[in-house]
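The notes below go through a few local features and helix contacts in the structure shown here. They are meant to be read with the coordinates open.

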Amino acid sequence: MIEARDLTKHFPLRRGLFARVEGAVRAVDGVSFTIDSGRTLGVVGESGCGKSTTAKLILKLEEPTGGEIRFDGQPLAGLGAEELRRYRRSVQAVFQDPFASLNPRMRVGQIVAEPLVTNEILDGAKVRKRVAQLLDLVGLPERAADLFPHEFSGGQRQRIAIARALALSPRLVVLDEPVSALDVSIRAQILNLLTDLQRDLGLAYLFIAHDLAAVAHMSHTIAVMYLGKIVEYGPAKTIASEPRHPYTQALFAAALPAHPDETREEIILTGEVPSPVNPPGGCRFHPRCPHVFGRCSVEVPLLRGAHGREVACHLYDGVR
């Protein structure tokens with residue numbers, strides 16, 4: 001349904017009195033992936049790796065510097081005004097902070113109905129009926145429509161945000177850290193709700209999160225990003241159980257184990273994430289990699305098939 005090919009986003013770095021361009025922040029630097037109908041692509045990585053910028057590119061909140069996005073085989077760059085409007089209806093988002101994403105001056109019914117009022121011609125009775133259906137879909141009573149966001153808990157507010165995202169019957173929902181602002185006890189409820197909605201409505205998800213356990217649980221495919229590039233890409237169970245790229249191994253080694261008796265190798269990465277303004281040559285992870293060798297600092301590794309996934313690491317060149 002969605003295909004990204006060599007997607008790139010560079011933000012110009014301006015300095016001085018005349019705002020001269022002196023370089024660029026390479027937020028996303030040539031990533032490719034696909035999302036099929038009814039499936040979930042999970043994107044993980046440290047802060048600043050390009051996850052949220054990728055989401056903004058898919059949502060058309062940012063225009064790519066290079067590469068292209070295709071929707072049902074059609075490049076977005078070639079869509080007319082009406083086709084682009086249909087695309088925006090088909091792709092909706094649920095953001096990280098339910099406290100900030102809902103207008104505190106609007107009642108819940110108005111918040112959920114806003115996409116309908118903006119994009120469709122419906123009378124008041126039909127709008128109210130649709131709002132009641134959406135609230136029921138996310139587990140909230142009909143009377144919630146008359147209340148304000150501050151009268152709900154964090155988990156309930158995120159349910160409201162999900163209901164609003166579903167108002168136009170989208171095909172893809174971008175979930176940008178949808179549970180990171182919630183209490184641990186509430187996160188499982190929201191993730192289970194999203195799973196049920198995907199099963200019942202056939203939704204596709206682009207799921208962005210720091211919580212590796214949540215990504216492994218929710219996703220069919222995982223893309224691991226580091227400094228604007230995808231370093232490992234493949235089936236979620238394969239990557240979560242046997243990560244191959246040294247960076248992916250470090251990420252999952254740092255995550256909490258699923259069982260208290262589970263033992264994991266301790267991997268400590270040295271140094272800091274390099275600047276996206278001036279990324280290292282060769283493999284961008286090589287200054288922190290425990291397995292670095294000569295060609296890592298010179299030759300950029302390409303994503304190649306190895307051990308049932310694609311991995312960008314010279315350790316696996318020639319391995320299938």
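1. H307 has a relative accessibility of 32%, so it counts as partly exposed, since that class lies between the cut-offs of 20% and 50%. The residue sits in the loop between strand 11 (304–306) and strand 12 (309–311). Its phi is positive, about 55°, although H307 is not a glycine. The model is a predicted one, and that applies to every point in this note.

2. E177 also deserves a look at its backbone: phi is near 50°, a positive value in a residue other than glycine. This residue belongs to the loop between strand 7 and helix 6. Is E177 buried or exposed? Its relative accessibility is 6%, and E177 therefore counts as buried.

3. Helix 6 covers residues 184–201, which is 18 residues. From its first C-alpha to its last it reaches 26 Å, close to the 26 Å expected at 1.5 Å a residue. The buried residues in helix 6 are I190, L191, L193, L194, L197 and Q198. They lie on the same side of helix 6 because they cover an arc of only 155° around the axis. As background, an α-helix has 3.6 residues a turn, so residues three or four places apart point the same way. On the other side of helix 6, the exposed residues are S185, R199 and D200.

4. What do the buried residues of helix 6 pack against? The helices among their partners are helix 4 (124–137), helix 5 (154–165) and helix 7 (212–218). The strands are strand 3 (40–44), strand 7 (172–176) and strand 8 (204–208). After helix 6 comes G202, with a positive phi near 70°.

5. Helix 3 (residues 108–119) has V108, G109, I111, V112, A113, P115 and L116 buried. These buried residues pack against helix 4 and helix 5. The two contacts are taken in turn below.

6. With helix 5, helix 3 packs at an angle of about 30°, the axes being 7 Å apart. Helix 3 and helix 5 are therefore roughly parallel to each other, because angles under 35 degrees are classed that way. On the helix 3 side the contact is made by V108, I111, V112 and P115, and on the helix 5 side by I160, A163 and R164. By class, the contact of helix 3 with helix 5 contains 6 nonpolar residues, no polar ones and 1 charged.

7. Which residues does A163 contact, leaving aside its neighbours within four places in sequence? They are V112, L134 and V138.

8. With helix 4, helix 3 packs at an angle of about 110°, and the axes are 9 Å apart. That angle makes helix 3 roughly perpendicular to helix 4, because the range for this class is 65 to 115 degrees. Helix 3 contributes V108, G109, V112, A113 and L116 to the contact, while helix 4 contributes V127, R130, V131, L134 and L135. The residues of the contact of helix 3 with helix 4 divide into 8 nonpolar, 1 polar and 1 charged.

9. Helix 1 (residues 51–58) is mostly covered, with 6 of its 8 residues buried. Those buried residues are K51, T53, T54, A55, L57 and I58. K60 follows helix 1 and has a positive phi, near 65°.

10. A77 lies in the loop between strand 5 (74–75) and helix 2 (81–90). Its relative accessibility is 82%, so A77 counts as exposed. The C-alpha atoms of A77 and E63 are 9.4 Å from each other, and the two residues are 14 residues apart along the chain.

Notes: Residues are numbered from 1 along each chain as its sequence is written. This is a predicted model: local features need pLDDT of at least 70, side-chain atom pairs count only at pLDDT 80 or more; totals for chains, interfaces and linings use all residues. Side-chain values use heavy atoms; hydrogens and water are left out. Helices (H or I, at least four residues) and strands (E, at least two) are DSSP runs, numbered from the N terminus. The expected span of a helix is 1.5 Å times one less than its number of residues. Buried means under 20% relative accessible area, exposed over 50%, partly exposed in between (1.4 Å probe, protein chains only). The arc is that of the directions from the helix axis to the C-beta atoms. Contact means heavy atoms within 4.5 Å. Axes are lines fitted to C-alpha atoms, for helices over the stretch in contact, and angles run from 0 to 180 degrees between N-to-C directions. Angles under 35 degrees count as roughly parallel, over 145 as roughly antiparallel, 65 to 115 as roughly perpendicular and the rest as oblique. Ala, Val, Leu, Ile, Met, Phe, Trp, Tyr, Cys and Pro count as nonpolar, Asp, Glu, Lys and Arg as charged, and the others, Gly among them, as polar.
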